[in-house]
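Here are my notes on the model you passed along.

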There are 2 protein chains.
Amino acid sequence: MPRKKPLPTKERIIDVAGDIFGKNGFKAATIRQIATAAQANLAAVNYHFRDKEGLYRAVLEDTFSKGFHRFPYRKNPEESNAPDQQLHSFIRAMFHRFLNNEGWGGISGRGKLIAREFFEPTPAFEPIVDTYIKPHKEILVSIISDLSRGKAGMDKILPCAISIIGQCVYYTFAAPVIQRIAKEFLPTQENIDLLADHVFWFSLGGIQQINTRPVDKKTPIVLNTLQEKHP
Amino acid sequence: MPRKKPLPTKERIIDVAGDIFGKNGFKAATIRQIATAAQANLAAVNYHFRDKEGLYRAVLEDTFSKGFHRFPYRKNPEESNAPDQQLHSFIRAMFHRFLNNEGWGGISGRGKLIAREFFEPTPAFEPIVDTYIKPHKEILVSIISDLSRGKAGMDKILPCAISIIGQCVYYTFAAPVIQRIAKEFLPTQENIDLLADHVFWFSLGGIQQINTRPVDKKTPIVLNTLQEKHP
DNA sequence: GCTATTTTCAAACAAATGTTTTATTCGTTT
DNA sequence: AAACGAATAAAACATTTGTTTGAAAATAGC
């Protein structure tokens, strides 16, 4: 009869709590709000998750688990194994995970929840880093290392990795600012390829520049050359 | 006698509120906490700022005003006017504004306050965007345009600008993640030059790549070339 | 079909918090 | 010196909110 309740209460609460924690943050979200939206009783949260923080932990684990499961970060052996193709796939997968509605759905979905953990992590984020973030970073490091044919040390690889992830994260989560500056590059599901292509090419140039510039040289060289082309 | 009160109550509250709003967020920060830390009476906040939100608006305006005043974004006509030097200065100024203790002091200072407004802006952020962010972006756009000798359209300039600002923002605010991945690139006052140099070179290569790659080409070209150097 | 366990529900509790009120103090002006 | 307004102080008010409680209902196991 009640076909509006296909999921058991516990999972319904996790689902709804993801939205509400995302929209309002941990402190501002209220258990009453969540219970009401999940069509559950107020005490159900404390019953199933012990307390508000227990619910939050469950939401976070559920979010990352589903996001990385739907859009995995492992190298795809069926693809061309050229490292530049691998980088392109990596960036595309990241944007899909962030923006696709089957993933985290951008800042109107679970995005803000994740952004907050990036910038002001709670204790609940600790296991997430070990389980998901670190292996994810290792893949990227390995791709960048391949791109430099194994010649670059970690002192060059790591900042490049941060620059790449930083672009993806910023493009995704800074939507409110981007909307006022460059509407055509808004982080939406439709723009995933556009964004991924840009970040890919920009980063490819960046990695190349980092790998080719002379050490401890203080002045730019490549673009000076470019300028001198048209004096 | 009370030499511990060099500032009038109103400004003392703004100062302390900046720290506490930054550390805890708007909702979690309490007026009692702020009043106590500012050695002011509980009612002082409502008296001087009408309500909690009024105080928050004052804090935000004060933060951006001081940050941009201490580390301005205007082109410095005394510097070399080579666009690559301008880009370097722009990035350095941005990192100083973000990280320097005379600026926003990173995420242990006012950084988190600003990060939150970037990713989930409140109504109080509206005037800030018009007064500070938009002109700031225009400077960067003009520099990138100069870098491409006026040949690039906004469809190429804007995403490059976002990529550059994104790196700076991410490097600054993702400190908790960076700490677990690349400790030597932590966003601290001492690392400003290191970070600025990396973002500068990386972005210079990125801009160059965006400007030189053939339109609508789907496969990477530059790094393939690089690879073929060592077959 | 009955019992034991799990889950749901309504109500109440206790703590925290933004705001208001009223009185007092302090500095300036008349 | 008196008077006025601004600023400070202490207390109380009205909500909100996380959590607990005890009973009812539903479910599972035998």
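**Notes on the DNA contact and the chain interface**

1. Starting at the DNA: Lys52(B) has a polar side-chain atom 2.9 Å from a phosphate oxygen of DNA strand C. Keep in mind that this is a predicted model, where local features need pLDDT of at least 70 and side-chain atom pairs count only at pLDDT 80 or more, while totals for chains, interfaces and linings use all residues; side-chain values use heavy atoms, with hydrogens and water left out. Residues are numbered from 1 along each chain as its sequence is written, and chains are lettered from A and ligands numbered from 1 in the order in which they are written.

2. Tyr47(A) places a side-chain N or O atom 2.8 Å from a phosphate oxygen of DNA strand C, and for Asn46(B) the distance from a polar side-chain atom to a phosphate oxygen of DNA strand C is 3.5 Å. The elements giving two or more residues to this surface are α3 (44-49) of chain A plus α2 (31-37) and α3 (42-49) of chain B (helices are DSSP runs of H or I, at least four residues, numbered from the N terminus). α3(B) has the largest share, three residues.

3. Around DNA strand C there are 15 residues, and Thr9(A), Asn41(A), Tyr47(A), His48(A) and Lys52(B) come nearest (near means a heavy atom within 4 Å).

4. Now the two protein chains. Chain A superposes on chain B by a 180° rotation with 0.0 Å of shift along the axis, RMSD 0.0 Å (least squares on C-alpha atoms of residues with pLDDT of at least 70 in both). That is how a two-fold axis relates its copies. Both copies use the same surface, as 100% of the contact residues of chain A recur in chain B (contact: heavy atoms within 4.5 Å).

5. Between them, chains A and B bury about 6,500 Å², with 69% of it on carbon and sulfur atoms (accessible area lost on being put together, 1.4 Å probe, summed over both). On the chain A side, Phe119(A), Trp201(A) and Phe202(A) lose the most area to chain B, together 13% of what that side buries.

6. What about charge pairs? Six salt bridges are counted between chain A and chain B (a side-chain nitrogen of Lys or Arg within 4 Å of a carboxyl oxygen of Asp or Glu). One joins Lys112(A) to Glu120(B), at 3.9 Å from N to O.

Key
Buried area is the accessible area (1.4 Å probe) that two parts lose on being put together, summed over both. A polar contact is a pair of N or O atoms within 3.5 Å; within protein, one must be able to donate a hydrogen and the other to accept it, and residues adjacent in sequence count only if both atoms are side-chain atoms.
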